[in-house]
Amino acid sequence: MTSEPIRFTDGAAYDRFMGVWSRLAGQEFLDWIAPEHGQRWLDVGCGNGAFTQMIVEQSEPFSIVGIDPSEAQLAFARQQPLLQSVDFVNGDAMALPFPEDAFDLAVMPLVIFFVPEPAQGLAEMVRVVAPGGTVAAYAWDMEGGGFPYQIVNETLSAVGRSAPNPPSAGSSRLDVLGDLWTTAGLNGIQSKAIDVERTFADFDDLWNTVLGGPSAGQTLATMNEEDVSRVRELLRARLQTAGSSPITLSGRAHAIRGTVPDR
Ligand SMILES: C[S@@+](CC[C@H](N)C(=O)[O-])C[C@H]1O[C@@H](n2cnc3c(N)ncnc32)[C@H](O)[C@@H]1O
């Protein structure tokens with residue numbers, strides 16, 4: 001296992017690799033939160049704005065701030081016509097540059113496992129959300145095989161290479177999320193699994209989505225042509241796909257929510 005971090009250096013590549021998944025799972029997450037309209041939102045780890053845009057389109061926020069440490073992701077988000085009303089800030093979940101009670105709702109969609117100290121990131125969300133407000137997150141079940149491209153990562157392992165892993169992969173377990181939310185003192189904690197499927201037109205569609213993206217794409221970019229071809233053909237064999245048949249992959253995420261208590 002490599003210790004190299006997953007790098008988010010290209011918002012468009014992120015969108016090809018993860019955007020579709022993010023919107024599929026994000027929709028179920030947003031429906032589950034069922035937020036009232038007119039709220040002050042904070043989107044922590046907003047990335048290229050995939051989930052932020054769903055909030056804007058569906059939840060009629062009073063205001064919305066997106067924060068992320070990747071300037072490349074933020075640059076992509078800032079270019080989106082529907083996100084012109086969003087305040088995008090470069091920053092870290094573990095030190096949110098906002099005062100207490102500044103928001104009604106804070107979310108971390110597909111982010112908690114990237115935060116080196118998830119408890120600290122959660123404490124920060126609790127601090128900046130007003131009593132009675134919601135703090136919610138969801139993340140791929142990395143340890144339970146829920147990462148949608150797990151088969152790609154396994155294929156890399158089969159040739160002695162590895163895709164980078166998020167630093168806090170274990171934080172996406174339901175029991176760990178439950179402990180985090182409980183320890184943070186949140187009320188009315190609820191959690192659930194989110195299952196999604198994405199169908200690629202054919203093997204090349206899947207392969208080109210992985211190439212150039214974060215995660216396995218980073219490892220493939222460091223390999224020579226012969227080794228990359230070997231991984232590609234091994235993956236094709238594992239998926240047992242003939243040239244032009246569609247391929248469906250699935251992902252499982254864990255979601256959690258709670259309410260900020262009176263202070
Ligand atoms: C998988 S993306 C999720 C993006 C977006 N929320 C979505 O649902 O598509 C993870 C994001 O977390 C961000 N990230 C990584 N470490 C972070 C940290 N310590 N604080 C806040 N965001 C972080 C990355 O820059 C990246 O944009």
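The axes of helix 1 and helix 3 (residues 71-78) come within 8 Å and cross at roughly 85 degrees, where axes are lines fitted to C-alpha atoms, for helices over the stretch in contact, and angles run from 0 to 180 degrees between N-to-C directions. The two helices are therefore roughly perpendicular to each other, a label given to angles of 65 to 115 degrees. This is a predicted model: local features need pLDDT of at least 70, side-chain atom pairs count only at pLDDT 80 or more, and totals for chains, interfaces and linings use all residues. Residues are numbered from 1 along each chain as its sequence is written.

**Helix contact**
- Gly11, Ala12 and Tyr14 of helix 1 meet Ala72, Gln73, Ala75, Phe76 and Ala77 of helix 3 (contact: C-beta atoms, placed from the backbone, within 7 Å).
- Helices (H or I, at least four residues) and strands (E, at least two) are DSSP runs, numbered from the N terminus.

- An open sheet of mixed pairing is formed by seven strands in the order 3-2-1-4-5-7-6, where pairing requires at least two DSSP bridges between two strands.
- Its edge strands, strand 3 (87-90) and strand 6 (187-200), each pair on one side only.
- Strand 1 (residues 40-44) and strand 2 (residues 63-68) run parallel and are joined by five bridges.
- Arg40 stands opposite Ser63 in strand 2.

**Ligand shell**
- The ligand is surrounded by 22 residues, the closest being Ser22, Gly45, Gly47, Ser70 and Ala93 (near: C-beta atom, placed from the backbone, within 6 Å).
- Helix 1 (11-33) and helix 2 (50-59) each supply at least two shell residues; helix 1 gives the most, with three.

Note on methods:
Angles under 35 degrees count as roughly parallel, over 145 as roughly antiparallel, 65 to 115 as roughly perpendicular and the rest as oblique. Two residues are in contact if their C-beta atoms, placed from the backbone, lie within 7 Å.
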